[in-house]
2 protein chains.
Amino acid sequence: MQEKIVGGLAKAEDLTDEEKAAFYKVLYSRRDVRDQFLSDEISEDSLMRVLEAAHHAPSVGFMQPWNFILVREQATRQLVWEAFSRANDEAADMFEGERKDLYQTLKLEGIRKAPLNICVTCDRTRSGKIVLGRTHNRQMDLYSAVCAVENLLLAGRAEGIGIGWVSIYHEQDLREILAIPDHIDIIAYLCLGYVDELYQEPELQVKGWRKRLDLADLIYEERWKDEGKS
Amino acid sequence: MQEKIVGGLAKAEDLTDEEKAAFYKVLYSRRDVRDQFLSDEISEDSLMRVLEAAHHAPSVGFMQPWNFILVREQATRQLVWEAFSRANDEAADMFEGERKDLYQTLKLEGIRKAPLNICVTCDRTRSGKIVLGRTHNRQMDLYSAVCAVENLLLAGRAEGIGIGWVSIYHEQDLREILAIPDHIDIIAYLCLGYVDELYQEPELQVKGWRKRLDLADLIYEERWKDEGKS
């Protein structure tokens with residue numbers, strides 16, 4: 001007897017205008033949050049919905065290389081914050097003059113203020129050495145895990161949860177604090193908490209760090225054409 | 001006179017249950033599409049909406065390092081397909097026995113069938129040498145461009161457009177065909193077309209390549225704990 005095919009082709013349901021608008025509302029109102037976190041615990045239902053959303057990201061060869069470490073204890077988050085803080089002092093010194101002054105006024109993390117942190121990792125050994133789709137681009141598994149992060153960020157917005165992505169730390173520090181083995185790649189360290197307020201535009205734009213580029217300048221037809229654009 | 005702050009903090013609008021459901025419908029019904037593409041041209045309105053969605057991905061230091069090369073000509077897509085085809089023969093040879101047989105039955109791209117291809121790139125030189133948030137993790141700009149790809153994939157689903165991510169090619173081949181300079185990283189090559197039908201589960205699962213993992217096995221509390229899980 002032939003095995004029953006489960007999950008086969010079916011009519012692709014068209015979304016209504018209202019459904020499309022709801023999707024775009026989530027996408028366009030998502031912000032990287034560093035300071036607006038409320039102290040309320042995130043409900044387990046909301047948390048599982050954002051993790052399930054992450055788990056349904058596309059992955060190369062259906063590898064699903066991600067793990068999610070939920071960091072809740074204040075003591076752990078204090079150690080992560082100290083690791084951030086050391087690295088951030090180094091980072092500030094890489095800028096000069098007015099940029100350095102502005103950099104130092106920016107709050108770039110909510111590690112201790114947000115009630116939950118999540119470290120998203122990528123296990124490059126999962127599903128064996130040869131992975132369908134990773135044969136010629138070795139980065140594809142890392143990119144799959146990043147897609148999981150983006151799904152998580154968007155689902156967070158849908159759930160009323162603000163999320164900030166922290167990238168300023170020495171990897172080895174985080175590895176030691178969270179006992180992450182050497183063969184596991186760290187993809188993202190995220191701070192999560194419910195929010196009442198969000199910036200209407202990216203905070204770095206609002207605070208004068210950098211402006212949104214014109215999309216038209218970023219689109220090329222048929223092949224790369226560098227006509228003074230970038 | 002002080003410059004007016006534009007885009008400052010505002011009430012974070014709660015989504016209604018219907019809006020949340022619409023967002024999750026898009027997220028969960030998205031599939032990597034390789035063969036169900038219709039030949040209809042994608043409307044410029046739909047195309048601009050998916051590109052705008054990509055352009056609103058989070059990016060490290062608000063760097064927005066992405067570009068989008070729209071590939072429409074059949075001659076160009078034929079060259080890309082030939083590059084894929086050469087690499088795919090090499091890929092098949094990396095698998096053995098039944099896996100190789102199964103691999104060879106899978107259709108892994110829609111380069112010529114889909115009416116539009118988009119190459120998404122990352123310009124690591126954009127916004128200068130020192131980038132806020134990339135000071136300690138050099139991969140962050142690549143990850144930003146991947147977030148743009150995931151936004152593009154999701155927005156495609158919202159617009160009724162199926163998208164397939166092709167990763168099997170030698171980078172140098174694609175670089176030559178699309179005239180991409182050496183300092184630009186290629187992140188994703190995407191095939192886009194309207195679809196009438198979608199798989200209800202990932203095609204690789206439906207076709208017996210690999211199953212979805214249990215999310216519970218991928219979640220750790222407080223720190224990495226490898227208890228026979230993977």
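Predicted model: local features only at pLDDT ≥ 70, side-chain atom pairs only at ≥ 80, totals over all residues.
A:Phe62 is found in the loop between α2 (44-55) and β2 of chain A, where helices (H or I, at least four residues) and strands (E, at least two) are DSSP runs, numbered from the N terminus. This residue has a positive phi of about 50° although it is not a glycine. Most residues other than glycine have a negative phi, and most peptide bonds are trans. A:Phe62 is buried, because 23 other C-beta atoms lie within 10 Å; a residue counts as buried if 20 or more other C-beta atoms lie within 10 Å of its own, as exposed if there are 12 or fewer, and as partly exposed in between, with C-beta atoms placed from the backbone. A:Gln64 is likewise found in the loop between α2 and β2 of chain A, and A:Gln64 has a positive phi of about 50° although it is not a glycine. With 26 other C-beta atoms within 10 Å, A:Gln64 is buried.

Residues are numbered from 1 along each chain as its sequence is written, and chains are lettered from A and ligands numbered from 1 in the order in which they are written.

Five strands form an open sheet in the order β4(A)-β5(A)-β3(A)-β2(A)-β7(B), and the pairing is mixed; here two strands pair if DSSP finds at least two bridges between them. At the edges stand β4 (161-166) of chain A and β7 of chain B, each with a single partner strand, so one side of each is left without a neighbour in the sheet. From one strand to the next, the twist averages 25°.

A second sheet can be followed in the order β7(A)-β2(B)-β3(B)-β5(B)-β4(B), where five strands form an open sheet with mixed pairing. Its edge strands are β7 (219-221) of chain A and β4 (161-166) of chain B, each of which pairs on one side only. Three bridges join β7(A) to strand β2 (residues 66-71) of chain B, and the two run parallel; the bridge partner of A:Ile219 in β2(B) is B:Phe68. Helix α5 (residues 140-158) of chain B packs on the sheet, touching β2, β3 (116-123), β4 and β5 (184-194) of chain B, and its direction makes about 5° with that of β5(B).

How are helix α1 of chain B and α5(B) placed relative to each other? Helix α1 (residues 17-29) of chain B and α5(B) pack at an angle of about 110°, with their axes 9 Å apart; axes are lines fitted to C-alpha atoms, for helices over the stretch in contact, and angles run from 0 to 180 degrees between N-to-C directions. That makes α1(B) roughly perpendicular to α5(B), a description that covers angles of 65 to 115 degrees, whereas those under 35 count as roughly parallel, those over 145 as roughly antiparallel and the rest as oblique. In this packing, B:Val26, B:Leu27 and B:Ser29 in α1(B) meet B:Leu154, B:Arg157 and B:Ala158 in α5(B).

The last step is to view the two chains together. The contact takes 97 residues from chain A and 98 residues from chain B, two residues being in contact if their C-beta atoms, placed from the backbone, lie within 7 Å. Helix α1 (residues 17-29) of chain A gives the largest share of the side of chain A that touches chain B, namely nine residues. Chain A can be laid on chain B with an RMSD of 0.0 Å by a turn of 180° and a shift of 0.0 Å along the axis, copies being superposed by least squares on the C-alpha atoms of residues with pLDDT of at least 70 in both. The two copies are thus related as by a two-fold rotation axis. In chain A, the C-alpha nearest the axis is that of A:Phe23, 2.3 Å from it.
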